[in-house]
Amino acid sequence: MRFVIFSLLLLFLHAPAYAQDFVIIVNPEGPLVDADAQVVRHIYLGEKRFIAGVKLEPVNMSNFTLQENFLIRIVGMDSKEYRLHWIKKVFQEGLSFPPSFAAASEIVRFVRERKGAIAYIPKGESGITGVKVIGPP
Amino acid sequence: MKGVDFMGKLLTVALVFVFFLGAAYAEELEDVKKEVEWQKKVIEGLEKRVEELEKEGGAARGQEAGVFRRFGINLGIFGDINFSTRSNEKENNGFSLGAASLYSTANIGERLNFLVEVGVEFDEEETNLDIERLWAGYTFSDLFIVRLGRHHTAMGYWNRIYHHGKLLFYSIDRPFFLQFEDSNGVIPIHIVGLELSGSTVTPAGRITYDIEAGNGPELMEDSDMAGKFNLNVSNAGDGNNSKQAVARVSFEPTAIEGLKIGVFGTNFKVEDSTMSMHEAIFGADVYYKRGGFELVSEYFRLKNGGTPAANAYYIRVAHEIGEFVPYLRYETLDGKDDDPYLGILSGGADRSQYIAGVRYDVDPLHSAIKAQYRYDDTEGEKLRNVFELQWAFHF
């Protein structure tokens with residue numbers, strides 16, 4: 001019985017970590033109008049860098065659980081694979097690692113100020129103004 | 001009456017006093033009001049400045065969260081330290097420093113970027129400083145990127161992905177026929193000139209192309225093997241007027257996640273005082289990763305004039321098990337005895353190697369320890385069993 005209670009408790013504590021959902025936001029004047037999963041994946045991998053002449057700027061959230069959830073669901077990699085991919089990308093093509101921010105408010109401000117920016121933030125975050133929610137796909 | 005008169009005077013004096021006192025306070029209140037207004041303006045100015053600094057600071061913090069961003073550019077070093085038993089490359093059991101690869105990249109604005117990679121290499125007699133890669137690039141669009149300088153040729157998968165970073169691959173070294181020009185490689189690894197590349201994402205998958213044109217390899221006499229040569233790509237000019245051309249096209253199908261296939265080819269001329277020949281090398285590569293399993297294989301066909309073509313290929317499989325990655329690789333170069341190209345190169349002898357090893361990730365982004373056994377079957381050589389250890393790192 002104690003084992004069952006302990007397992008349920010673990011499950012209860014564990015579940016919210018993976019249940020943390022996100023929304024994908026972009027600049028309302030930018031070229032991205034919907035969250036096509038393949039396009040978002042290629043943007044985050046640095047393989048699609050321009051749309052209609054506008055430089056795309058993917059942004060990551062430092063929050064590990066949310067980042068992991070986004071990367072596994074959309075990019076198809078965990079954060080370790082993603083960072084390794086970018087080390088190769090920097091070394092091979094001279095690109096820079098996408099920036100990360102700790103607070104959703106900082107991400108919203110970044111997206112608001114840059115036409116080609118795309119980011120993910122926790123679902124239900126309050127005070128999101130001046131950006132367009134386009135996903136998840 | 002006298003009392004009333006006195007009271008009247010007293011009242012008058014009091015009123016005059018109150019009047020002057022009020023005037024004095026009014027003047028002081030006006031000053032205070034002015035001071036408050038001024039303070040208010042100062043605070044508003046400071047608030048505005050703090051907001052500006054937060055914006056700048058926020059963007060900067062975002063950049064710093066990247067892996068190596070320092071002083072506005074990316075800086076990094078790949079290095080490795082090795083131990084090997086006696087082999088065809090090492091006379092005695094012993095430790096050795098691998099090459100230290102120092103690189104820096106910078107992005108200026110939205111479209112300009114630069115890369116420089118300097119290799120510090122050690123041999124028994126001296127330490128050499130080599131410019132491995134150095135280019136300036138401009139991105140017109142995803143489909144059209146121009147780079148000018150010294151690049152790694154688009155010959156297959158390995159040469160375009162791993163460059164000089166040993167931490168990036170599982171095994172201790174590159175396949176022997178893909179070694180760098182000054183380490184007995186037979187495939188031109190570097191080119192100095194122009195590179196055009198680009199990619200497009202279609203519903204069927206991602207298509208990438210690379211086209212290069214530039215100074216091809218020259219022959220440089222090998223000081224360790226009399227009568228043999230190594231390839232050498234000069235940074236300062238070209239030994240002849242014939243230019244090397246390289247092309248590669250690769251495809252990543254959407255339907256098979258983790259699969260990349262490519263075809264490539266090159267044509268160049270090598271000559272010395274006694275001979276001159278055109279060499280054509282073409283081939284195909286395949287990379288597949290699913291879960292922890294990874295497979296990579298490349299095939300090269302080397303052809304010149306009327307002689308039969310030589311073949312070189314390798315196949316490597318690996319599987320991640322937690323922090324450990326066991327791997328197996330088979331690699332071979334097989335040419336005819338009278339092949340004029342392979343015949344003059346130090347690394348041109350027929351050779352096959354069986355490699356089995358394991359890599360342990362101390363920190364997958366920064367440090368790995370590798371141990372491997374290599375069975376080296378080189379034509380005319382007797383030393384076949386080699387054990388090697390390596391600590392590869394990046395910071």
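With a relative accessible area of 42%, B:Lys243 is partly exposed. The model discussed here is predicted. B:Lys243 forms a salt bridge with B:Asp238, and the closest N and O atoms of the two residues are 2.8 Å apart. B:Asp238 also counts as partly exposed, because its relative accessibility is 25% and the partly exposed class begins where the buried class, under 20%, ends. Salt bridges that share partners also join B:Glu89, B:Arg351, B:Arg374, B:Asp376 and B:Glu388 into one network.

**Salt bridges**

Over all chains, the structure holds 27 salt bridges. Side chains of opposite charge can pair when their charged atoms come close.

| Salt bridge | Closest N and O atoms |
|---|---|
| B:Asp80 with B:Lys166 | 3.6 Å |
| B:Glu195 with B:Arg160 | 2.9 Å |
| B:Lys243 with B:Asp238 | 2.8 Å |

The salt bridge of B:Asp80 with B:Lys166 has its closest N and O atoms 3.6 Å apart. This pair links distant parts of the chain, 86 residues apart: B:Asp80 is in strand 2 (residues 73-84) of chain B, and B:Lys166 is in the loop between helix 2 (158-161) and strand 8 (190-202) of chain B. Both B:Asp80 and B:Lys166 are buried.

In the salt bridge between B:Glu195 and B:Arg160, the closest N and O atoms are 2.9 Å apart. Here too the pair links distant parts of the chain, with B:Glu195 in strand 8 of chain B and B:Arg160 in helix 2 of chain B, 35 residues apart. B:Glu195 is buried, as is B:Arg160.

**Strand 9 of chain B**

B:Arg160 has a further partner: its side chain is joined to that of B:Asp210 by a polar contact of 2.8 Å. B:Asp210 is placed in strand 9 (residues 205-215) of chain B. B:Asp210 counts as buried because its relative accessibility is 7%.

Strand 9 of chain B also contains B:Asn215. This residue counts as buried, at 13% relative accessibility. B:Asn215 and B:Met275 are 60 residues apart along the chain, and their C-alpha atoms are separated by 19 Å.

**A negative patch on chain B**

On the surface, B:Glu91, B:Asp123, B:Glu124, B:Glu125, B:Glu126 and B:Asp224 gather in a patch of negative charge. One of these residues, B:Glu126, is placed in the loop between strand 5 (112-122) and strand 6 (127-141) of chain B. B:Glu126 is partly exposed, since its relative accessible area is 46%.

**Two helices of chain A**

Helix 2 of chain A covers residues 37-44, and its buried residues include A:Val40, A:His42, A:Ile43 and A:Tyr44. At the start of this helix, a side-chain oxygen of A:Asp36 comes to within 3.0 Å of the backbone nitrogen of A:Gln38. Just after helix 2 of chain A, A:Gly46 has a positive phi of about 75°.

Helix 3 of chain A spans residues 64-75, where the buried residues include A:Leu66, A:Gln67, A:Glu68, A:Asn69, A:Phe70, A:Leu71, A:Ile74 and A:Val75. At the start of helix 3 of chain A, a side-chain oxygen of A:Asn63 reaches to within 3.1 Å of the backbone nitrogen of A:Thr65. A:Gly76, which follows helix 3 of chain A, has a positive phi near 80°.

Terms used
Residues are numbered from 1 along each chain as its sequence is written. Chains are lettered from A and ligands numbered from 1 in the order in which they are written. This is a predicted model: local features need pLDDT of at least 70, side-chain atom pairs count only at pLDDT 80 or more; totals for chains, interfaces and linings use all residues. Side-chain values use heavy atoms; hydrogens and water are left out. Buried means under 20% relative accessible area, exposed over 50%, partly exposed in between (1.4 Å probe, protein chains only). Helices (H or I, at least four residues) and strands (E, at least two) are DSSP runs, numbered from the N terminus. A polar contact is a pair of N or O atoms within 3.5 Å; within protein, one must be able to donate a hydrogen and the other to accept it, and residues adjacent in sequence count only if both atoms are side-chain atoms. Patches are made of residues with over 30% relative accessible area and no salt bridge: like charges are joined within 9 Å, nonpolar side chains (Val, Leu, Ile, Met, Phe, Trp, Tyr) within 5 Å. Accessible areas come from the Shrake-Rupley method with a 1.4 Å probe; for residues, only the protein chains shown count as cover. A salt bridge is a side-chain nitrogen of Lys or Arg within 4 Å of a carboxyl oxygen of Asp or Glu. Lys and Arg count as positive and Asp and Glu as negative; His and the chain ends are not counted. The place of a charge is taken as NZ of Lys, CZ of Arg, CG of Asp or CD of Glu.
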